[in-house]
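Let's take a friendly walk through a protein model together. Have a look at the structure below, and then we will explore some of its side chains.

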Amino acid sequence: MSGFGSNQRINQALLMLTKVLQPYVERRMRDAYRGNWQQSLSVAAGTDLSKPLDAYALLKTMVDNWQTAFRDGLKPIVRNHVSLALAARNDAAHAGGTILDTDAISYLRSIQAVVEAIEPKSAAGIKALLDDQTKAMAEAMGVSTEVAAKTIAAPAQQTLDLADSKYTWKPWREVAPPHADVMAARFQEAEFAADLSTVSRGEGAETYRDPREFYRITYITGGLRKVLQSAIERMAGKGGDPVIGLQTSFGGGKTHTMLALYHLASAANPETLPGLADIFKDAGVTTLPKRSKPVVFVGTAAGANQPFTVEGARTVKSLWGVIAVKLGGWKAYETIKSSDEARTNPGSEAMIAILKQAAPCLILLDEVVAYARNLEGVPYDGFVSFLQSLTEAAAAVPGVLVVGSLPESAAEVGNLRGREALLALEKVFGRVQSAWAPAQGTETFEIIRRRLFQELDPDGEKAREQAVKAFTSYYKNNAGEFPSGVRDRAYEAQLLAAYPVHPELFLTLQGDWGGLEKFQKTRGVLKMMAQIVYRLWRDGHAAPMILPGDVPLIDDRVRTNALVPLPSGYDAVLSKEVAGDLSKPAQIEARSPSIGKNKAVTRAATALFMATAPHGSTNKGMEVARLRLACAVPGEQPSQFSEALRRLGENAAYLYSAGENYWFSPIASLNQEAEDRAKGLSGADVEAEIITLIRGEERHKGTGFLRVHGAPDDPLGIDDAYEAALVLLPPSAWQRGRDEDTPAMKLAADIVEHKGPGQRRNRNRLAFLAADQAALEDIQNIVRKKLAWASIVRDARGILQLPPAQEDDAKKKLAEQDAAVVNAVRRGWRHLLLPQDPQPGSSNAARGFDLEPVALTNRGSDPAPLAQLAWKKCDDDGLIVARLGVLDNDLGKGVAVEPAARRGSAVARLVRPVPLSLKAARAAGTCEGHQRGVGALRRQIRHRGSV
């Protein structure tokens with residue numbers, strides 16, 4: 001096995017699994033379904049049931065029949081492993097390359113878990129394959145097998161205190177695994193676009209083609225239940241409505257309802273289909289008589305002026321010709337042949353005769369407006385009048401049901417003729433149709449949940465209730481952080497109905513995205529949700545629910561599906577400010593581990609994009625409270641997401657705000673202009689501005705240091721004066737920790753040693769403050785922003801022609817950057833360098849001094865000026881003779897002070913450094929006594945005027 005690749009190991013494990021499952025699945029299915037057990041098997045089309053089932057059929061059968069046949073004998077967690085084992089089979093069968101090591105290990109673990117649950121003695125071979133796969137992964141990573149195994153270990157479950165109980169975190173993946181086609185990414189857009197004509201030909205996706213599979217994934221809403229019961233009653237001869245009209249906007253569920261009726265009328269023993277037993281019971285009907293196959297007409301599948309092919313090669317020219325042949329054969333057709341050839345309405349009497357011979361029967365008319373809008377003249381008049389005659393005939397013949405669909409949106413109606421056809425057909429169906437309501441309230445949540453996720457077992461129901469309780473408790477305990485409505489019982493019902501998807505994501509897709517012309521309501525939501533669920537499932541998403549902030553917009557398919565219905569320009573918004581390794585959220589999270597560990601910025605940006613991108617230029621924005629609702633899960637601090645958005649907004653190009661509302665727009669804001677200008681600045685411009693800022697710190701002299709020199713042009717020309725001086729070194733002279741070989745150390749040493757071309761005598765009168773090397777890059781970036789905003793303000797009324805509101809915004813940003821650069825400099829110049837006696841072996845021993853680095857800390861929102869900060873440090877550490885403003889250190893013990901005739905000469909002689917180390921001076925109290933003596937002398941000087 002050591003020579004196997006990951007694909008081979010998985011295939012080998014599946015063979016072992018198949019041998020264990022074959023007898024087990026048959027036994028459990030026989031127990032559950034008795035003699036009809038093979039009818040409930042989930043097998044591929046054309047499967048020979050006389051032969052042993054393969055891995056796909058066995059695992060798919062377990063997934064589809066879990067509640068009925070397998071739940072009682074296995075623990076709930078085994079269902080998740082069965083689902084992942086099925087994903088392993090599909091991956092191995094359709095893999096275009098080598099399966100990733102991490103995926104392979106997850107697959108093998110699940111296969112092993114299934115075997116151990118059913119026949120533990122057979123699990124040894126799979127464990128060997130798992131060990132072999134883990135070893136191969138470790139070798140590829142260059143680590144031990146233990147380390148490799150930990151990289152894909154399941155995260156520890158989190159326990160939350162809900163005041164009245166404890167909630168143990170359960171990822172949605174463990175509670176509500178997706179259907180097999182979602183897990184395997186085998187779904188396609190066409191599979192969510194139910195096609196009645198395709199199904200009627202016995203083609204298309206299994207989920208729509210197979211009656212049992214279709215009803216298994218179908219949530220029977222109140223409206224659908226009403227239609228089904230009426231249809232059962234009608235076709236059983238017990239009343240019911242003869243005509244049902246379905247009218248909603250694109251993607252509103254019309255075709256799905258027609259498919260439900262098609263399978264009801266065509267399936268053998270329809271009363272046994274999932275969910276129909278109770279409806280048959282309520283209708284007082286045991287089963288339906290079968291006289292004829294449903295007649296299906298789909299207007300988009302038929303050419304307006306093309307003949308219809310029926311019964312092989314023969315053709316007819318009209319819809320009534322099709323209905324006659326399908327219901328009564330060519331004999332019935334002969335009774336309306338002339339009308340068919342002329343494409344004129346045969347009238348209701350002729351149709352009544354045909355319908356009586358075929359009843360009970362079902363006629364499904366989909367996309368009739370799409371067909372009618374392409375007709376002109378006699379064919380158009382004949383088509384519209386025929387539909388009126390057909391509905392009248394259906395009402396006259398018991399057992400006949402006609403169902404027609406009409407569009408609601410302008411996008412479906414199309415041209416002027418389409419609008420005329422809609423008005424005419426609304427009158428036709430309006431005369432006799434039964435009222436039909438599309439999905440209401442939380443029913444849409446149930447529809448999508450049923451289509452994407454497996455049915456919850458009792459343990460899953462309990463986990464769902466616990467998760468909902470955790471969220472509702474979380475919202476109540478943080479009432480000020482979330483919209484008020486989320487604490488109501490109605491919202492709790494939405495959480496229950498939508499689980500494992502958070503209702504905010506459904507509402508966003510249905511409400512915000514559902515209004516887009518290229519995004520269909522139910523179908524569009526299904527398509528996008530399937531892609532979202534697939535990616536999160538494969539990535540091991542461990543949250544209790546799927547929220548808008550979790551949408552994986554980094555995934556190519558999800559990203560493409562999101563961009564297609566949006567106006568142009570949003571691709572730049574996505575890549576730069578929402579999702580991706582190079583996006584601004586990713587950069588912020590990389591710099592700030594505290595918000596990067598849970599990707600707070602990415603989640604906030606994602607939720608905002610999902611809520612606001614569909615609204616384009618009409619955006620009113622997303623409230624901060626709703627943003628938190630779209631991101632936060634129990635246990636997290638809700639405010640971190642609004643703070644994350646604020647951080648993103650500091651330099652985002654496409655993020656706008658007004659009060660408490662935020663939104664994305666494809667039109668770049670002034671932030672983008674500022675970013676472009678910042679990038680165009682030269683390094684010399686930036687350094688010159690930093691030097692200006694450094695020199696601005698000189699104005700704070702006198703509050704400690706009597707002299708402050710900010711990045712002097714001639715550093716060796718600094719006065720050889722007596723009073724203590726602080727030299728603020730330029731940005732080019734940076735310091736790194738306690739390193740001795742740095743630009744700061746070199747420049748400071750030259751200044752201490754030299755005054756112009758000569759020697760400096762008052763060497764211990766100088767202190768130096770240098771920038772931290774690591775902080776310089778951030779300082780330079782902030783300065784670039786400041787200069788960029790300053791240039792925008794200058795150009796506001798010139799080349800930029802900014803409106804007053806944007807000019808005011810630019811001035812506000814400039815004021816913010818002005819404060820930011822001062823704070824950045826004051827925090828970044830944090831290395832204090834002080835001359836001291838040289839230590840043995842020091843690099844400066846020959847010069848007669850050392851430079852001692854002392855680290856400063858300048859915290860707070862309003863950092864202290866550099867001169868004050870440095871003075872306080874020296875004063876606190878006993879390095880200053882405060883009353884005279886000189887440094888108290890040992891440097892210069894042998895340097896003579898020449899007498900002078902000036903008034904301060906006596907003071908000069910008194911303040912020469914005492915021959916004690918700093919430590920000894922502190923211990924003996926020398927500095928304090930020295931200060932008192934000099935202070936007395938100074939008072940004498942002020943009193944007498946001289947010494």
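**Rings, charges and cysteines**

Start at Arg173, which lies over the face of Trp537, at 4.4 Å from the ring centre. Keep in mind as you look that this model is predicted. Now move to Arg314: its charged end sits over the ring of Trp330, 3.6 Å from the centre of that ring.

Next, let's turn to rings that meet other rings. A pair of aromatic rings is described by the distance of the centres and the angle of the planes. How many aromatic pairs does the structure hold? There are 20 aromatic pairs. One of them joins Tyr371 and Phe383, a tilted pair with 5.1 Å from centre to centre and 55° between the planes. Tyr371 belongs to helix α20 (residues 368-372) and Phe383 to helix α21 (residues 377-396), so this pair links distant parts of the chain, 12 residues apart. Both Tyr371 and Phe383 are buried.

Compare that with Tyr475 and Tyr491. Their ring centres are 6.4 Å apart and their planes stand at 65°, so this pair is edge-to-face. Because Tyr475 lies in helix α25 (residues 458-477) and Tyr491 in helix α26 (residues 489-498), the pair ties together parts that are 16 residues apart in sequence. Tyr475 counts as buried because its relative accessibility is 0%, and Tyr491 counts as buried at 7%. These two tyrosines also belong to one aromatic cluster with Phe471, Tyr474 and Phe482.

Finally, consider the cysteines. A disulfide is a covalent bond between the sulfur atoms of two cysteines. A search of the whole structure finds 0 disulfides. Cys361 counts as buried, at 1% relative accessibility, and Cys631 counts as buried at 1% too.

Definitions and conventions:
Residues are numbered from 1 along each chain as its sequence is written. This is a predicted model: local features need pLDDT of at least 70, side-chain atom pairs count only at pLDDT 80 or more; totals for chains, interfaces and linings use all residues. Side-chain values use heavy atoms; hydrogens and water are left out. A disulfide is a pair of cysteine sulfur atoms within 2.5 Å. Buried means under 20% relative accessible area, exposed over 50%, partly exposed in between (1.4 Å probe, protein chains only). Rings of Phe, Tyr and Trp (its six-membered ring) pair if their centres lie within 6.5 Å; planes under 30 degrees apart count as stacked, over 60 as edge-to-face and the rest as tilted. Helices (H or I, at least four residues) and strands (E, at least two) are DSSP runs, numbered from the N terminus. A charge sits over a ring if NZ of Lys or CZ of Arg is within 6 Å of the ring centre and within 35 degrees of the ring normal.
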